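Trainee: Could you take me through one part of this model in detail? I would like a close look at the ligand site.

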Amino acid sequence: MLKQMDGSYAVGEAVALCRPQVVSCYPITPQTHIVESLGKLVKSGELADCSFMNMESEFGAMSACIGSSAAGSRTYTATSSQGMLFMAEAVYNASGMGLPIVMTVGNRAVGSPLNIWNDHSDAMSVRDAGWIQLFVENNQQSIDVHIQAFRLAESLGLPVMVNMDGFILTHAYVRVDMPEQEQVDRFLPPFQPFQKLDPQDPVTMGALVGPEAFTEVRMLAHKRMERALEVIPAQMEAFANIFGRDSGGLVKKHYEGEADTVLVTMGSVIGTAKEVVNELRDQGESINAVTLRTYRPFPTEALKEAVNGAKRVVVLEKSFTPGMGGIVYQDVVAALAGTGIEVQSVIAGLGGRPVTRKSIRTLFAGCDQRTGFEVLDLDHATLDREVTRESAVLDRII
Amino acid sequence: MQSQILHFPAKEAVIKHQQTGDLTISNRLSEVGDSLQGKTDRPNSLDSGHRACQGCGEALGARHAIDTALDATDGELIVVNATGCLEVFSTPYPESAWRTPWLHSLFGNAAAVASGIAQSMKIQRKDNVRVIAQGGDGGTTDIGMGCLSGMFERNEDVLYICYNNEAYMNTGVQRSSQTPGAARTATTMPVGEHPGNHFGIGKSVPKIAMAHGIPYVATANICNPRDLEAKVRKAMSIRGARYIEVFVPCPLGWGTASCDTIKVARQAHNCGLTPLYEAEYGQVTAVSKIACPEPVKAYLKSQRRFAHVFKKGNEHQLEAIQAIADANIKAFDLLENPLQGERV
Ligand SMILES: Cc1ncc(C[n+]2csc(CCOP(=O)(O)OP(=O)(O)O)c2C)c(N)n1
Ligand code: SF4
């Protein structure tokens with residue numbers, strides 16, 4: 001059904017269609033409206049047989065998810081930014097126990113300085129936690145990918161994080177096609193846990209494991225992740241068969257065919273990037289754009305295929321590691337090692353700075369001069385002044 | 001020790017841990033079978049072969065508590081454990097000593113994980129399945145305090161059992177918020193002007209639990225296992241958030257002889273340092289009187305963690321501990337008969 005609604009409520013409705021049994025929540029901007037909408041649906045009875053838990057913290061929220069999922073209930077939560085870091089210990093724990101929890105991250109910068117706006121720092125802070133990490137590009141995908149996320153999580157026994165850009169998507173009112181319950185039921189069978197806490201068949205979960213087996217356990221997680229690289233495209237097809245839409249998958253190429261320069265990015269910024277690519281292609285430039293819809297597991301082969309024939313790949317990302325530079329860039333370099341393709345690093349949109357068409361044009365214009373990483377739209381004057389001022393102090397300390 | 005998947009109930013042909021003698025624990029002055037531990041078909045929730053130290057009060061407390069809960073619920077029980085000695089000694093890879101569905105997640109989140117399980121059971125309409133969360137005093141009263149308070153405030157249908165051995169034993173005996181004044185721990189060494197742990201205002205988590213107005217709060221002591229059993233049984237007859245704090249000496253951390261765990265625990269009770277009471281909806285409803293009062297000296301003497309208290313110049317520490325015991329005796333009216341209050 002076509003509806004005009006904000007991204008958060010759209011996700012809330014989509015999650016409700018998946019019939020979660022336990023939703024645990026703790027508010028943080030810009031994720032808040034998602035759990036609020038679910039709370040309303042549970043209270044009104046529209047979402048039946050669901051417990052809505054108002055927790056005392058994000059750490060508690062993820063912990064309650066661990067309990068409810070381990071006890072065999074389909075479980076959901078959402079968070080952002082500081083909330084993600086506050087729950088980080090439990091985030092690792094959930095994946096280590098193979099619990100198919102689905103969590104939405106309304107992506108937001110992590111402070112300090114305190115900043116509520118969008119970038120991908122929160123998702124990157126738990127990059128290595130063993131969760132499947134999917135990124136969506138618009139609100140329609142937010143809906144579709146959440147429905148796939150539950151099936152993916154439950155078929156692999158791994159938690160799945162759906163990343164949607166805070167404000168840009170969570171707060172955007174756009175027209176979306178909300179699936180019918182009957183369609184979702186056809187796609188998503190009831191939750192059948194691999195193992196659960198059951199007095200009739202007691203198991204010990206979360207036990208202590210020493211050096212003799214810990215590595216093997218980690219490798220098991222890795223093997224499951226590798227399986228996800230096959231399961232994700234297969235489920236994308238199954239989804240398309242029922243819903244008639246291409247949503248999800250590993251990577252998405254804007255234009256078929258090869259190009260000299262390919263922009264690789266994640267999340268909503270691809271929308272703007274595609275417009276610039278269209279514009280520049282009309283002017284005869286050999287460029288293309290590829291979006292990483294799955295970030296963990298990293299879709300190495302799919303990416304290689306998507307950028308095949310390129311001379312240069314430019315990674316545009318909203319994440320940054322001080323002392324190094326781009327984070328996704330490193331993944332792409334590793335994935336394209338040996339292909340001879342030059343990989344460049346561009347960082348933009350940190351802490352909610354808009355990534356405009358103009359700045360993406362400068363990104364393409366700078367391709368021939370770029371060495372090291374470049375930060376788009378940086379206020380060089382302010383930065384240089386502060387660096388000089390600080391140096392004077394720091395030099396004295398050395 | 002059993003493999004990972006265990007089935008309940010398991011019948012034991014032999015009565016284990018049967019006590020004899022006049023100051024014995026489980027079956028003292030009673031017919032065999034009066035205490036659950038005296039029965040041949042007791043659940044034996046925590047199997048033998050785990051790796052607790054000899055004389056571990058926590059292992060003893062947990063077995064009594066969980067056995068009773070299993071019995072009270074006909075085996076329909078799920079147990080969540082915080083990180084700590086109890087978790088580490090009971091589940092070394094690839095074994096598990098637990099004969100009940102059991103999950104360990106983290107150090108500070110047992111109450112929240114148990115809340116999730118309780119809600120999960122409710123939504124699956126398995127109201128007969130009951131949930132217990134358990135942990136040491138560190139996992140419960142320090143790092144887990146936020147989750148515990150949340151669990152109380154939401155009145156989740158969970159019994160939380162804290163095994164209080166008054167320090168972080170699993171990481172090598174460091175101070176917790178339950179460590180008493182003067183006590184030696186790895187982080188409160190008996191050196192300097194004020195040896196051992198400082199005398200703070202203290203933290204009574206049972207009282208904090210009571211302040212939440214939850215249906216049931218109790219303190220118990222492993223020196224009186226039948227009282228512990230009765231409290232767990234009562235707790236399992238009630239729905240909503242419940243809290244029991246069990247006093248469990250730790251031979252390793254306290255520097256006591258393994259064979260003295262029960263004796264030390266009883267001395268703690270007799271001197272008034274660990275008042276035993278029950279409370280419902282925030283009001284104290286029952287108090288266990290002290291039958292044979294003793295000064296704190298007798299209790300402290302047998303523990304290496306208090307050795308410095310008996311050194312010249314530290315008399316004030318001994319007095320301070322006695323004052324705490326006296327205040328408890330007064331506040332909870334612990335003496336059976338004021339005449340018996342004459343200390344020997
Ligand atoms: C977040 C976190 N911090 C610290 C630890 C290390 N740690 C594990 S057990 C423990 C102490 C446990 O003490 P307590 O809860 O009193 O239980 P006990 O071992 O005394 O039974 C600590 C500090 C941890 N596991 N997780
Ligand atoms: S250190 Fe103490 S609490 Fe831990 S197993 Fe040994 S006796 Fe028990």
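**The site around ligand 1**

Mentor: Start with Cys85(B). In this predicted model, one of its backbone N or O atoms lies 2.9 Å from an oxygen atom of ligand 1. Gly139(B) also meets the ligand through its backbone: a polar backbone atom there is 2.7 Å from an oxygen atom of ligand 1. On its own, ligand 1 has 590 Å² of accessible area, and the protein covers 78% of that.

Now the wider shell. It holds 17 residues around ligand 1. The closest are Glu58(B), Cys85(B), Gly138(B), Gly139(B) and Ala167(B). Residues from chains A and B surround the ligand, so the two chains share the site. Helix H4 of chain B, residues 137-141, gives the largest share of the shell, with three residues. By class, the shell has eight polar, six nonpolar and three charged residues.

Back to Cys85(B), and to cysteines in general. Cys85(B) counts as partly exposed because its relative accessibility is 25%, and the buried class needs a value under 20%. Cys367(A) has a relative accessible area of 4%, so it is buried. What about disulfides? A disulfide is a covalent bond between the sulfur atoms of two cysteines. The test is a pair of cysteine sulfur atoms within 2.5 Å. By that rule, the count over all chains is zero.

Methods. Residues numbered from 1 in each chain as written. Chains lettered and ligands numbered in written order. Predicted model: local features only at pLDDT ≥ 70, side-chain atom pairs only at ≥ 80, totals over all residues. Heavy atoms only, no water. Buried < 20%, exposed > 50% of the residue type's maximum accessible area, 1.4 Å probe, protein only. Near = heavy atom within 4 Å. Polar contact = N/O pair within 3.5 Å; in protein donor to acceptor, adjacent residues only side chain to side chain. Areas by Shrake-Rupley, 256 points an atom, 1.4 Å probe, with all protein chains shown as cover. Helix = DSSP H or I, 4+ residues; strand = E, 2+ residues; numbered from the N terminus. Nonpolar A, V, L, I, M, F, W, Y, C, P; charged D, E, K, R; others polar.
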